[in-house]
Amino acid sequence: MGEVIRKSVKPLQVNPHKLSQPMGATLAFLGVDCCMPLMHGGQGCASFTKVYFTRHFSEPIALQTTAVTDVTAILDGGDYSIVESIKNIHSKVSPKLIGLHTTGLPETKGDDIRGVARQIDCPLVYVNTPDYEGGLESGWALTAKALIDQLVEPRSEINAGKVVLVPHVSMQPIEVEKLKDLIASFGFTVVAVPDLSTSLDGHLGEKQASLSSGGVQVAELKQLADAAYVVTVGHSVKGVAAILQKKNPAIRHQHFNHVSGLVGTDALVGWLLEVSGRDLPGAVVERWRKRLQDAMLDSHFALGQTRFLVVGEPDHLVALSASLSEAGGTVALAVATVDSPVLNEIVAEKIIVGDLEDAEKMSDTYELIIGNCHTEALAHRYGKKTVMRGFPNWEQVGNPLKNDILYEGGAYFLFEIANIASQMHEEQQQRIAAQMKQSA
């Protein structure tokens, strides 16, 4: 593993790519069916979040705000704004759950959302998500913990065929679906928490949703504690398992930092074979494993000549760097949004917790960029190629259906990167030839 620089000497982020904890909480609540996320903070905070997710998913996003102003921030303890907002929500729609989460302003004031929640007679889950701490990953993880802690009913019995899956925030809806399908193919019933695979997967609904449409149901959440296993994917959500195990200590926990590439997917399939008692996976799984092996051979010529910059959430960077390195690619630099113990697992020459200005200063060390749409300007300035991954991506449609995980997604990911790398090297050769011709 390469050098990890966890602390910047800069007083501020100059060209940021980091997203906030309230945004992660909003996304997690959108993975619950018929839920209305309620952001307790300024109206602009909710508007900003809504724009980001609407443009990324190309879907209407259900989100309300308590619209804290400078006056209410001083005179109101938060109770009035929250209670009135919930009254307004129920006057228009009938959510099965309200997801109350905070921003930096009410957290700085010290609003007691737990106390307010006790005064409200409707299904509600609250979570503190100040945006001056953590990021998208931690907001998602804190909300997953809150959903389980506040909704799941304690149990003592176990359903041997039931698995609770907790994905990290950077997994796109189709990736959650593929992961659920793989686990289910070994004979298990799978419940994902949160579950974007049926809520923001880009399906055509009957009408514009005023609430989240699809995702894990509140009734399913209440019954999670009879699962035999809880599977966490991503270091950021590893602690969610302990919350569920408090509801039933008999639940067994299996953790994976990622399920990308050959090694990562083999680890998951190996565990599934062990706990299911089967000798072999299904024929389709075996076939895709062989296809990924072939994809690694076919793509390593292009990837082996390419140096990469990867930008994103720590859990996402671990997965991307593993897939690239297995096929011969070199990640010269990884720029993470926040610090995480999993940074030590990233296969890269250098890992920085920082911003895109840090990436600009090292632009001569990499050729191809993999990151969100904020990296596009960087690529244009320095003549690099880009592959869009992570939140947000406003430049392309079809984001919910991008699949980079397991054997199947890994094969498609390598082909996409290798094709762009080949094109890039060809263009470089043409430029060199043109320059030599001019100088001659």
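## Two parallel sheets in a predicted model

Over two bridges, strand S2 (residues 35-40) pairs with S3 in the parallel sense. Two strands count as paired if DSSP finds at least two bridges between them. Helices (H or I, at least four residues) and strands (E, at least two) are DSSP runs, numbered from the N terminus. Leu38 stands opposite Gln64 in S3.

This is a predicted model, in which local features need pLDDT of at least 70 and side-chain atom pairs count only at pLDDT 80 or more, while totals for chains, interfaces and linings use all residues. Residues are numbered from 1 along each chain as its sequence is written, and side-chain values use heavy atoms, with hydrogens and water left out.

S2 and S3 belong to an open sheet of four strands, ordered S3-S2-S4-S5, with parallel pairing. Strand S3 (64-65) and strand S5 (124-127) stand at the edges with a single partner strand each, so one side of each has no neighbour in the sheet. Helix H1 (residues 21-29) packs on this sheet and touches S2, strand S4 (97-102) and S5. The direction of H1 makes about 170° with that of S4; axes are lines fitted to C-alpha atoms, for helices over the stretch in contact, and angles run from 0 to 180 degrees between N-to-C directions. Contact means heavy atoms within 4.5 Å.

A second open sheet has six strands in the order S1-S12-S11-S10-S13-S14, again with parallel pairing. Its edges are strand S1 (3-5) and strand S14 (385-388), each with a single partner strand, so one side of each is left without a neighbour in the sheet. On average, neighbouring strands of this sheet are turned by 15° against each other, direction ignored. Within it, three bridges join S11 (residues 330-336) to S12 (residues 350-353), and Ile352 in S12 is the bridge partner of Val335. Helix H16 (residues 406-439) lies across strand S10 (307-312), strand S13 (368-371) and S14, at about 165° to S14.

Leaving aside neighbours within four places in sequence, Thr386 is in contact with Ile369, Thr375, Ala379 and Ile420. Thr386 and Glu367 are 19 residues apart in sequence, and their C-alpha atoms are 9.0 Å apart in space.
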